Amino acid sequence: MDFEPPRRLVRALGDDAWIGQLPELVEETAARGGLEIERVLAPGGRSSLIVLVRQQDGTAAALKLVPPSAAPEPERAALAHWNGFGAVRLLGGSGGALLLERLHPELSVRSLPEAKALLEAAGTARRLWVEPPSGHDFETVAERTARQVSALSDRADTAPQALVDDALAAREELLAHSPESLLLHGNFRQSKVLAGDRTPWLAVGPEPLVGERAYDLARLARDRVEDLIAATSGASAARRRVNRLADSLDVDRERLRGWTLFRAVESGTRAIAEGRHAEGEVSLEFAGWL
């Protein structure tokens, strides 16, 4: 198969040797699964390649290939547990390949007006929050954020110290008493909710972990942050959004505010450290409003 990997993927992964192996990898994976290749989805994502395919019976599907460093097993396990309820259905695949039902990648919840987008996204998230399977190996919120705290300490000089201290204190307080242990998407936002055929909206691309719902909502609360930054009432609008999201899903407002603060600071400092200064500054400004 002769194709150029999507530029977004190349920029994100740099000189990863896996990029150069993709044409042969796509051909081999498709042949092994009896799949007919239609086209590579572009611009696609930053951490995987999506190829639109047809199964032997003609059913449309999507083949997701991830690099060895991505460890796809947690995503595979979460999708299998959800079994299509609120999330894209896992059809098969092995190793670094996941065969998924075909959604409409050109149409995400983000394309809707803001109020409607938040409503539909929140409704989708609600369906994902279920008890994890017994004996699961999913990371916990405490474990994931512990790794993030370690990295955050190394880049603390990219943000006001008081803001970093507030974010770290919020995490400590939140973890002192966690009210629930549910299966979470882990990277839930509007662009991760795509239109489907069997149900209007389905989540994709989970980075699953186990913990409380407020953690999962915290990334959604920061969606379309550029619009808030541009508004004269951005700070008050940000706080109202957090409260509305919390109330609509019966989540404690202060817990959502705390996790939103921590995740915004962690994301903002990481973006700045990786050279994405504009993105990072926006996240930090948002965090300062909370």
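**A colleague's note on helix packing and the sheet**

1. Let's start with two helices: H9 (residues 234-248) and H10 (residues 253-273) pack with their axes 9 Å apart, at an angle of about 125°. Axes here are lines fitted to C-alpha atoms, for helices over the stretch in contact, and angles run from 0 to 180 degrees between N-to-C directions. Helices (H or I, at least four residues) and strands (E, at least two) are DSSP runs, numbered from the N terminus.

2. Before going on, please note that this is a predicted model, in which local features need pLDDT of at least 70 and side-chain atom pairs count only at pLDDT 80 or more, while totals for chains, interfaces and linings use all residues. Residues are numbered from 1 along each chain as its sequence is written, and side-chain values use heavy atoms, with hydrogens and water left out.

3. H9 and H10 are therefore oblique to each other; angles under 35 degrees count as roughly parallel, over 145 as roughly antiparallel, 65 to 115 as roughly perpendicular and the rest as oblique. In contact terms (heavy atoms within 4.5 Å), Val242, Asn243, Leu245, Ala246 and Asp247 of H9 meet Arg253, Leu256 and Arg257 of H10. The residues of this contact of H9 with H10 divide into four nonpolar, one polar and three charged. Ala, Val, Leu, Ile, Met, Phe, Trp, Tyr, Cys and Pro count as nonpolar, Asp, Glu, Lys and Arg as charged, and the others, Gly among them, as polar.

4. H10 also packs with helix H11 (residues 277-289), at about 160° and with axes 7 Å apart. H10 and H11 are therefore roughly antiparallel to each other. Residues of H10 that meet H11 include Leu261, Ala264, Val265 and Gly268, and among those on the H11 side are Gly280, Leu284 and Phe286. The residues of this contact of H10 with H11 divide into eight nonpolar, seven polar and two charged.

5. Now to the sheet: five strands form an open sheet in the order S1-S2-S3-S5-S4, with antiparallel pairing (two strands pair if DSSP finds at least two bridges between them). Strands S1 (36-40) and S4 (90-92) stand at the edges with a single partner strand each, so one side of each is left without a neighbour in the sheet. On average, neighbouring strands of this sheet are turned by 35° against each other, direction ignored.

6. Within the sheet, S3 (residues 60-65) and S5 (residues 97-101) run antiparallel and are joined by five bridges. Ala62 has Leu100 in S5 as its bridge partner.

7. Two helices lie across these strands. Helix H2 (residues 17-33) lies across S1, S2 (49-54), S3 and S5, running at about 145° to S3. Helix H3 (residues 73-82) lies across S3, S4 and S5, at about 30° to S5.
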